[in-house]
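Dear colleague,

I am handing over the structure below, and the notes that follow set out what was found in it. Please read them with the coordinates open.

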Amino acid sequence: MKGRTSAVLLAGALLLAGCGAQVEGGGSAARTVTVKRCGEDVQYTTPRRAVVYEGGSADKLFALGLAQHVHGYVMPPANPSVEESPWAAEYAKVEFLSDDLLNRELVVDAKADFVVAGWRSGFSDQRGITPEILDGLKIQSFMHTESCFNYPGYPERVAPFEALYTDLERLGKIFGVEAKAQELIAGYRKRVEAVQAQVPKADPTPVFLYDSGTDKPFTAGSQVPPTDIIRFAGGRNVFGDLDARWGEVTWEAVVEAKPEVIVILDYGDKPAAEKIKFLKEFHTTSKLPAVVNDRFYVLDYNEGISGPRNIDGLEGFAKYLRELRT
């Protein structure tokens with residue numbers, strides 16, 4: 001009987017281990033850990049049915065090897081096609097839920113036990129889907145640290161690339177894949193350091209990021225990845241002192257800044273070519289140094305929002321700046 005009992009227990013353990021990602025400390029049985037959600041300590045049990053909003057959220061879980069814990073994704077039109085993603089195979093294994101904004105009904109209908117999004121970029125008071133509301137529904141949630149600097153009650157200010165590493169570390173703890181998270185973080189840090197080592201000893205190149213807008217330009221502030229991408233590559237975001245993630249400025253301020261390079265954020269529904277055409281034809285911007293010298297760099301949407309592809313964006317832009325200087 002003792003041998004039979006051991007065999008039954010072993011079979012049960014193997015069955016549990018097959019239910020999800022292999023977690024450290026023995027299988028994938030439900031476990032509880034305390035992890036920060038912005039500045040708030042929150043208890044999590046291992047999610048089995050996650051819903052992720054936009055490419056950055058999905059990419060973080062896919063990079064950690066957690067596709068089997070993801071039920072589905074919400075992908076608004078701004079996001080490029082998932083078939084273009086480095087994790088296209090993982091996207092194909094989970095359910096496409098909507099091309100609209102994140103909302104409470106969608107999450108409830110999906111029977112989600114975990115939602116990943118940013119504060120005011122996914123989660124929203126106006127649309128009635130916040131971490132607090134989801135807590136009341138017994139649905140766990142996680143917010144991108146990059147978006148936490150103005151989260152009510154529990155703000156947390158972390159530089160954008162460090163925020164990416166923080167998210168991977170925290171998600172690794174929630175899902176019990178800490179070693180994988182540390183491996184990813186170390187690899188990303190090494191790639192960033194390699195870029196920085198190649199930056200010429202010269203004054204940073206003034207760079208303007210153009211997101212959208214004709215009456216007023218919408219650009220990147222200090223709290224989003226493009227500012228770190230520009231800085232680590234040897235540039236200077238001319239609006240890097242804007243204490244925001246994204247925000248409106250004036251065309252007069254752009255002209256005064258005299259950017260030598262313009263980074264165009266390429267949306268799925270707002271092609272970069274149209275934005276470049278506008279900047280070349282608009283009388284206020286047509287004489288900017290970057291426009292006169294045709295110095296435009298196209299940054300993919302998923303390289304500009306918080307996610308693993310930030311590192312790809314950095315490497316690509318750094319190469320572009322190096323080539324300008326040769």
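How many aromatic pairs does the count come to by the ring-centre rule? The count comes to 18, where rings of Phe, Tyr and Trp (its six-membered ring) pair if their centres lie within 6.5 Å, and planes under 30 degrees apart count as stacked, over 60 as edge-to-face and the rest as tilted.

Before the details, please note that this is a predicted model, in which local features need pLDDT of at least 70 and side-chain atom pairs count only at pLDDT 80 or more, while totals for chains, interfaces and linings use all residues. Residues are numbered from 1 along each chain as its sequence is written, and side-chain values use heavy atoms, with hydrogens and water left out.

Among the pairs, Tyr210 and Trp251 are tilted, because their ring centres are 5.8 Å apart and their planes stand at 55 degrees. Tyr210 belongs to strand S9 (residues 205-210) and Trp251 to helix H9 (residues 251-257), so this pair ties together parts that are 41 residues apart in sequence; helices (H or I, at least four residues) and strands (E, at least two) are DSSP runs, numbered from the N terminus. Tyr210 is buried at a relative accessible area of 3%, and Trp251 is likewise buried at 4%, where buried means under 20% relative accessible area, exposed over 50% and partly exposed in between (1.4 Å probe, protein chains only).

Trp251 also pairs edge-to-face with Phe282, at 5.4 Å centre to centre and 65 degrees between the planes. Phe282 lies in the loop between helix H10 (272-281) and helix H11 (289-292), so its pair with Trp251 in helix H9 ties together parts that are 31 residues apart in sequence. Both Trp251 and Phe282 are buried, and one aromatic cluster is formed by Phe208, Tyr210, Phe239, Trp251, Phe278 and Phe282.

Turning to the largest pocket, about 710 Å³ of space lies in it, and of the 32 residues that line it, the closest to its centre are Arg120, Ser121, Arg245, Trp246 and Tyr301. A pocket here is, on a 1 Å grid over the protein atoms alone, an open set of points where a 1.4 Å probe fits, with protein on both sides within 12 Å along at least five of seven lines, and lining residues have an atom within 4 Å of a point. The volume is the space filled by probe spheres set on the points, which are joined across faces, edges and corners. Helix H2 (54-63), strand S6 (114-119) and helix H12 (301-304) each supply at least two residues of the lining.

Best wishes
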